[in-house]
Amino acid sequence: MKKRNVAILGSTGSIGTQALDIIRDNPDLLSAYVITGRNNADLLIKQAIEFEPEVVVVANETHYIKVKEALAHLPIKVWSGADAIADAATLEAVDIVLTAMVGYAGLLPTLAAADAGKTIALANKETLVVAGRLVMEKVHTGNASIIPVDSEHSAIFQCLVGEFNPIAKILLTASGGPFLHRPGDTFNSICPADALKHPNWQMGAKVTIDSASLMNKGFEMIEAHWLFGCPVDRIEVLVHPESIVHSMVEFADGSIKAQLGIPDMRLPISYALGLTRRIPNSYPRVDFFGKNLSFFPPDTKRFPNLELAYRAIRQGGNIPCILNAANEVAVEAFLKEDLSFTRMSSLLEYCMTKISYITTPCLEDLIDTDKETRELAYSFLNCLPS
């Protein structure tokens with residue numbers, strides 16, 4: 001396999017650090033050509049010293065001097081600002097762009113990479129939630145390609161490799177999170193420390209909270225709709241607490257393909273970085289003996305965020321963008337203990353009903369919608385009793 005240059009957008013986060021682990025173990029196959037971070041300047045500097053990328057970008061410009069001075073002795077270009085991330089993603093020498101940034105911030109760099117015809121290893125589900133139609137149009141017109149990194153979408157992608165038959169149904173699995181069996185009448189007392197204890201996966205704080213509320217699964221349903229062109233009514237969520245079956249695809253004859261593996265994000269990351277060529281590793285393997293695999297439907301009464309996601313994509317337009325922006329504010333407030341676990345859903349629904357609906361939004365409309373929604377969400381928080 002030809003050695004490939006990787007731009008890791010969000011190298012200091014959970015996905016980014018695991019991607020660097022894979023690059024470290026496979027220096028003959030992969031090179032960290034670009035790394036970017038936002039606020040964790042110390043880790044970004046440490047990564048740059050070890051991997052010596054061509055370009056380092058720090059999104060938060062207040063850290064620029066610190067990073068620049070720390071790397072002055074190395075032949076590394078240091079850039080700063082959000083626009084510089086998009087510029088780095090389009091560099092001619094970059095073969096793969098791993099979009100591992102969290103939330104809405106990943107949208108513009110992903111669009112830039114698509115416009116430049118890059119292979120995009122997509123780990124930023126919010127990009128397709130906010131602007132799925134625009135992103136997929138850019139991918140097609142820019143002659144780009146997407147290999148999904150989310151474990152569920154990687155599983156679906158793997159089930160479809162070499163398959164010429166249309167999808168009858170996508171079966172999207174969910175672990176159920178840390179509150180799968182917790183009574184709904186105790187949800188008001190959930191604290192951030194409880195929600196951050198995921199039973200199976202090691203992830204960043206934001207996605208872990210989204211998993212606890214099933215918002216993450218709602219976003220993944222929307223992402224699957226855009227990635228695979230599957231109507232939302234044919235995307236079914238199954239709670240699978242063991243997290244061994246990462247998702248399944250059903251075909252017209254009733255046959256079902258599934259992708260199984262240990263719950264380790266390094267597997268879908270390496271599959272994407274290898275451009276579907278499987279890179280050998282020494283990770284643990286699934287032991288099926290004595291293990292039960294269970295599946296059951298999600299409880300949308302206790303976890304209403306999943307139903308809000310279905311409602312958002314069925315309405316379409318800028319509603320999913322509203323949902324994402326409101327959720328980012330809600331998760332931030334919950335982590336700061338300024339909003340209860342159950343009131344997060346109230347905040348999302350409030351914003352979805354108050355922001356003006358746009359049927360076919362352009363990029364500027366979505367940028368405005370995101371800004372307006374965040375302002376409304378913060379006003380909602382300011383009106384809550386202390």
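How are helices α14 and α15 oriented to each other: parallel, antiparallel, perpendicular or oblique? α14 and α15 are oblique to each other, on a scale where angles under 35 degrees count as roughly parallel, over 145 as roughly antiparallel, 65 to 115 as roughly perpendicular and the rest as oblique. Before we go further, please keep in mind that this is a predicted model, in which local features need pLDDT of at least 70, side-chain atom pairs count only at pLDDT 80 or more, and totals for chains, interfaces and linings use all residues. Residues are numbered from 1 along each chain as its sequence is written, and side-chain values use heavy atoms, with hydrogens and water left out.

## Two helix pairs

Two packed helices are described by the angle between their axes and the distance between the axes. Here the axes are lines fitted to C-alpha atoms, for helices over the stretch in contact, and angles run from 0 to 180 degrees between N-to-C directions. The helices (H or I, at least four residues) and strands (E, at least two) are DSSP runs, numbered from the N terminus.

| Helix pair | Residues | Axis angle | Axis distance |
|---|---|---|---|
| α14 and α15 | 341–354 and 363–382 | about 130 degrees | 10 Å |
| α1 and α2 | 14–25 and 41–51 | roughly 15 degrees | within 12 Å |

α14 passes α15 in a right-handed crossing. On the α14 side, the contact (heavy atoms within 4.5 Å) is made by Arg-343, Ser-346, Leu-347, Tyr-350, Cys-351 and Lys-354. From α15 come Thr-373, Leu-376, Ala-377, Phe-380 and Leu-381.

The axes of α1 and α2 cross at roughly 15 degrees, which makes α1 roughly parallel to α2. The crossing of α1 past α2 is left-handed. A crossing is left-handed if the near helix is turned anticlockwise from the far one by less than a right angle, and right-handed if clockwise. Thr-17, Leu-20, Ile-23 and Arg-24 of α1 meet Leu-43, Gln-47, Glu-50 and Phe-51 of α2.

## The annotated binding site

Let's turn to the annotated positions. In an unreviewed entry, UniProt places the feature "binding site" at Asp-150, Glu-152 and Glu-220. These residues are spread over 71 residues of sequence, yet they cluster in space, with a largest C-alpha distance of 8.3 Å. UniProt positions are given in the numbering used here, feature names are shortened, and annotations may be inferred rather than shown by experiment.

Asp-150 sits in the loop between β7 (145–148) and α7 (151–160). With a relative accessibility of 8%, Asp-150 counts as buried; buried means under 20% relative accessible area, exposed over 50%, and partly exposed in between (1.4 Å probe, protein chains only). Beyond its neighbours within four places in sequence, Asp-150 is in contact with Leu-122, Ala-123, Lys-125, Glu-220, Glu-223 and Met-265.

Glu-152 belongs to helix α7 and is buried too, at 9%. Its contacts, not counting residues up to four places away in sequence, are Leu-172, Thr-173, Lys-217, Glu-220, His-246 and Ser-247.

The same record, again as an unreviewed entry, gives residues 146–228 the annotation "domain: 1-deoxy-D-xylulose 5-phosphate reductoisomerase C-terminal". Over this stretch the chain is 45% helix and 11% strand, and the end C-alpha atoms are 11 Å apart.

## Phe-219 in helix α10

Phe-219 lies in helix α10 and is buried, with a relative accessibility of 0%. Leaving out residues up to four places away in sequence, Phe-219 touches Lys-125, Val-129, Lys-206, Asp-210, Leu-323, Asn-324 and Asn-327. The C-alpha atoms of Phe-219 and Tyr-310 are 9.1 Å apart, although 91 residues separate the two along the chain.

## Cysteines

How many disulfides does the model have? Taking a disulfide as a pair of cysteine sulfur atoms within 2.5 Å, the count is zero. The closest cysteine sulfur to that of Cys-159 is in Cys-230, 13 Å away, which is too far for a bond. Cys-159 is buried at 5%, whereas Cys-191 is partly exposed at 28%.

## Two positive phi angles

Most residues other than glycine have a negative phi. Asn-143 has a positive phi of about 60 degrees; this residue lies in the loop between α6 (125–141) and β7, and is exposed, with a relative accessible area of 67%. Leu-214 also has a positive phi, near 65 degrees. Leu-214 is in the loop between α9 (205–213) and α10 (215–228), and is buried at 5%.
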